[in-house]
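This report describes a protein chain for a reader who has not seen it before. Please look at the sequence and the structure first.

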Amino acid sequence: MHTTVGIIGGGPAGLLLARLLHTAGIDSVLLERRDRRYVEQRQRAGILEQATVDALRACGAGARLDAEGMVHDGIELRFDRRAHRVDFPSLADGRRVTVYAQTEVVKDLIALQLAEGGPLLFEADVHAVEGADTDRPLIRYTHEGEEQTLTCDYVVGCDGFHGVARNAVPEHLRTTYERVYPYSWLGILADAPPAADELIYAHSDRGFALASMRSPSVSRHYLQVPNGTDPADWPDDRIWDELDARFALDADPSRRLKRGPVTAKSVLPMRSHVTEPMAYGRVLLAGDAAHIVPPTGAKGLNLAAADVIVLARAFADWGTTGATDLLDAYSDTCLRRVWRAEHFSYFMTTTLHTAPGQSPFETRLQISQLDRIAASRHAAAELAENYTGLPLPTAPAV
C-alpha cells in the first residue's frame, strides 16, 4: 500500500494532522498501536490555546467543543496563603483558553476520520521506519496478525516519547536535551463540582497543588508528590485533606474544596525533553515524539497541535506548488516555539513546586517572583501571553 503521508500515532497530533490533510485534499494513512477504546479513554491535557481551538473549528471538529468547552479568562495564583487572579484578555490581546479534555478532542477527530478521512488502523503495531533519506520511506507494521508495509512520500511520527519514528533520525545526527524533575504529580478525577470557575495554581510549603476540571460536574486535581509515589498510599480522604491544606487562604481559612467520589488516580512523572532536529529526510516528528514539557504550563497538547498545523500548511504548499521549502524549514520553524514553551513550562514548574531539600532562601525567591506577577502588569502579561499561546510559527526568513 502507498500513501502520500504515513502518520504513526493516533493521539491528538496524528488525528489533527490527518484531518487537516484531508481538508487540504492530501491523502494519508494513520496507524495507531492501541485499540480505539484505549485511545478514547487516555487521560491527558484539558487546556486548549486559542490557536488550537481555531484549528479544530476550521477543520470541522468544533461542534462539541463549542457546545461543551468551558472558556476561561484567567487563572488564580495562590501563594503565601494569598490569592491573585491573572486576567488573560486584558493582558494578552483578548486571548483566552478553553477547558475541553483531550479525550473529547480525540473522540471528535476519530469520528471525523472514520466518517470522511483516509484509513485509520487501530492495533497497528509499527516496528520500524526505513529509507528516511529516500523519496519513498517505508513503514513496517503488524496489523490483524500480518506483517505489512506502507510506502509513503513522507512519514510523520506522532507516536510519542517511546515511539519508533524518532529512531529514523540517525543517532549521530540527533541531539537530546532533557531535564527530569525531582517530583511527580498525583492526579485524580472526581465526581465533584470544580473548586472555582477557573484553574487554581497553588504554591505552598507543603508542595504544589492544582485545582482543575473536566466539566461542570467533574474535577481534575493534582498534588506534588515524591518520585516513585504509589497512588495506593493516598486514600481519598488523605488527598482531599492535603488539597485543602495547600489551597488554604488566610482570608478564608475555613474554605474547603467540594468533595466527591474519586474515580481515577495516577502518578505522572515530570520531565522536559527536546530532540533536535525534528526532521530527517522525509521523516518528520511532531508532538511528544520530538518534545515533552511538564504539564504545569498546559503546553503539551498545544505544542503538538502547533507542530501539525505548521506541517499541514507545508504539505498544502507542497501539494499546490511542488516546492518543499516549508517542509525543509519545518524543524527550525517549530523549534523556536518549542523552546519558548519549554522555558515557560520550566518557569511555571520551578516557581510553583518545592524541590526536595529546598532552602528557605529559594522559597523566598519563589514568593518574590509570584509577588512580582501580582504587582506588575508587565510580569503578569508575560505569563498570560505564554499561557494563552504565542503566535503560531512561520518559516524563518531566508
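Is asparagine 227 buried, partly exposed or exposed? At 41% relative accessibility, asparagine 227 counts as partly exposed, where buried means under 20% relative accessible area, exposed over 50%, and partly exposed in between (1.4 Å probe, protein chains only).

## Basis of the model

This is a predicted model, in which local features need pLDDT of at least 70 and side-chain atom pairs count only at pLDDT 80 or more, while totals for chains, interfaces and linings use all residues. Residues are numbered from 1 along each chain as its sequence is written, and side-chain values use heavy atoms, with hydrogens and water left out.

## Asparagine 227 and its surroundings

Asparagine 227 sits in the loop between strand S15 (218–225) and H7. Helices (H or I, at least four residues) and strands (E, at least two) are DSSP runs, numbered from the N terminus. Proline 182 is 45 residues away from asparagine 227 along the chain, yet their C-alpha atoms are separated by 6.4 Å.

The 15 residues of H6 should span 21 Å at 1.5 Å a residue, and the end C-alpha atoms of H6 are 21 Å apart, which agrees. The expected span is 1.5 Å times one less than the number of residues in the helix. Buried residues of H6 include Val105, Val106, Leu109 and Leu112.

Glycine 322 follows H8 and has a positive phi, near 80°.

## Salt bridges

A salt bridge is a side-chain nitrogen of Lys or Arg within 4 Å of a carboxyl oxygen of Asp or Glu. By this rule the count comes to 26 salt bridges. One of them joins arginine 64 and glutamate 104, at 2.9 Å from N to O. This pair links distant parts of the chain, with arginine 64 in helix H4 (residues 63–68) and glutamate 104 in helix H6 (residues 102–116), 40 residues apart. Arginine 64 is partly exposed at 28% relative accessibility, whereas glutamate 104 is buried at 17%. Arg64 and Glu104 also belong to a network of salt bridges with Glu68, Lys107 and Asp108.

Aspartate 241 forms a salt bridge with arginine 259, the closest N and O atoms being 2.7 Å apart. Here too distant parts of the chain are linked: aspartate 241 is in helix H7 (residues 236–247) and arginine 259 is in the loop between H7 and strand S16 (262–276), 18 residues apart. Aspartate 241 is partly exposed, at 46% relative accessibility, and arginine 259 is partly exposed, at 38%.

## Backbone exceptions

Most residues other than glycine have a negative phi, and most peptide bonds are trans. Glutamate 123 has a positive phi near 55°. Its place is the loop between strand S8 (120–121) and strand S9 (124–130), and at 53% relative accessibility glutamate 123 counts as exposed.

Alanine 298 also has a positive phi, of about 60°. Alanine 298 lies in the loop between strand S19 (291–292) and H8 and is buried, with a relative accessible area of 14%. Glutamate 276 and proline 277 are joined by a cis peptide bond, with omega about 0°. Proline 277 is in the loop between S16 and strand S17 (279–280).
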